[in-house]
Amino acid sequence: MSTAALTTALAIALTSAIAPTVALADHIDSAPVRADSHAPIGVMADHYHGRGEWMLSYRYMRMDMEDNQSGGRDIDPATIATSISNRFFGIPGQPPTLRVVPLSMSMDMHMFGLMYGINDALTLAVMTNYIDKSMDHVTFQGGMGSTELGRFRTQSSGLGDSSVSLLWRLQQNEHGRLHATIGLSLPTGSVDETDSVLTPMNMRPSLRLPYPMQLGSGSYDPIIGLTYAGFAQGWSWGVQQRSVFRLSDNDEDYRLGDEHQLTGWIARSWSDSISTSLRLAWRDQGHIDGIDSRIVAPVQTADPDRQGGSRTDLGLGLNWAGQAELRGHRVGVEWLLPIDQDLNGPQLEVDWQLVAGYQFSF
Ligand SMILES: [Cu+2]
């Protein structure tokens, strides 16, 4: 028997010894499934699976953004249009300030996931998603002043970026489990979406949409993560670090900023089936390096330097895990509200996020 197999056998023996209060993995058939053995549904790659176990999942995510800020301070559309400089000024037809201002944006994402326990130490996770984005803007008339010319909406939808990851179990005992995530984000999302816009000169050309309205990164990006989840009777907690590194430019000569996320949660289990959670999530993303030469417009979203920033969210979650004949079925909902945002602005602020998901393992 190899050391890994021995460790696994030992971990399962330990886990079984204190069942039914602590069942860390769904595949230990003798114990009830703990609703909080999975993290709040907004946390990705939070758990691994035992050998030969499969999981299919679907998550719906909604994000709503409204109003602009810069470096943590609110800024209204007329002030942006008259005082924030346009980096493209000097190119024929480009005004000195940003004459088009985003007012709100919404994003709906449908995420599909598949997990498979290759053995007790390694789990494969594949994810892809379908995104729907919509942004509302106001256009100010001509090159100066604060007269509104009109409002317009741009939309984009399609496949987003996908990812393939390996979850590597580092430790599991009666107190908790630790695993590393090593993955690659794949550029299945488009970076050349177009739509028609209203210009300050009252024209309606169809243009390549600015960066936040594109659907993918256009690059192959490594993903690195570390997750710990701890369990006690009636309570559990966890922390996760997760980073995406943008190492190379895409075909349009830019790369998105690196992404770093740190989150921590506590969960209370009210019964085997039901748990509630409280979570803090910090996220930081750098600005864009390089520039897409086809994205030229007097709007903040077209400026690679006015992208990214950091945000801290507070999340309230509910997990349900099926027992007996419903074993293997799970449902989770999480509502996230920002408590702090510091954006490379002007940029739209996040108002709220909702994540709802269904998972089925067998
Ligand atoms: Cu899973």
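## Pairing around strand E4

In this predicted model, strand E5, residues 148-159, pairs with strand E4 through 11 bridges, and the two run in the antiparallel sense.

E3 and E4 together form a hairpin, with 4 residues lying between the two strands. Within this pair, Ser 106 has Ser 134 of E4 as its bridge partner. E4 has a further antiparallel pairing with strand E6, residues 162-173, which extends over 6 bridges. Here Thr 123 is placed opposite Leu 167 of E6.

## Nonpolar cores

In soluble globular proteins, nonpolar side chains tend to be buried together. The largest nonpolar core of this model consists of 15 residues. Those with the most contacts inside this core are Ile 80, Ala 81, Leu 98, Val 100, Val 101, Ala 297 and Val 299. At least two residues of the core come from helix H2 (77-83), and at least two come from strand E3 (100-117).

Which residues are in contact with Ala 297, leaving aside its neighbours within four places in sequence? They are Val 100, Leu 207, Pro 210 and Ala 302. Another core, of 14 residues, lies apart from the largest one. Among its members are Ala 39, Val 43, Met 44 and Met 55.

## Overall form

The secondary structure of the protein amounts to 18 strands and 2 helices. The radius of gyration is 23 Å, close to the 21 Å that the globule rule gives for 362 residues, so the protein is as compact as a globular protein of that length. The C-alpha trace spans about 75 × 35 × 30 Å along the principal axes.

## Burial and contacts

Of the 362 residues in the protein, 39% count as buried. Among contacts with a separation of 6 or more, 66% are accounted for by residues 24 or more positions apart.

Key
Residues numbered from 1 in each chain as written. Predicted model: local features only at pLDDT ≥ 70, side-chain atom pairs only at ≥ 80, totals over all residues. Core = buried A, V, L, I, M, F, W, Y, C linked by C-beta atoms within 7 Å. Buried ≥ 20, exposed ≤ 12 C-beta atoms within 10 Å, placed from the backbone. Contact = placed C-beta atoms within 7 Å. Pairing = 2+ DSSP bridges. Rg over C-alpha atoms; globule rule 2.2 N^0.38 Å.
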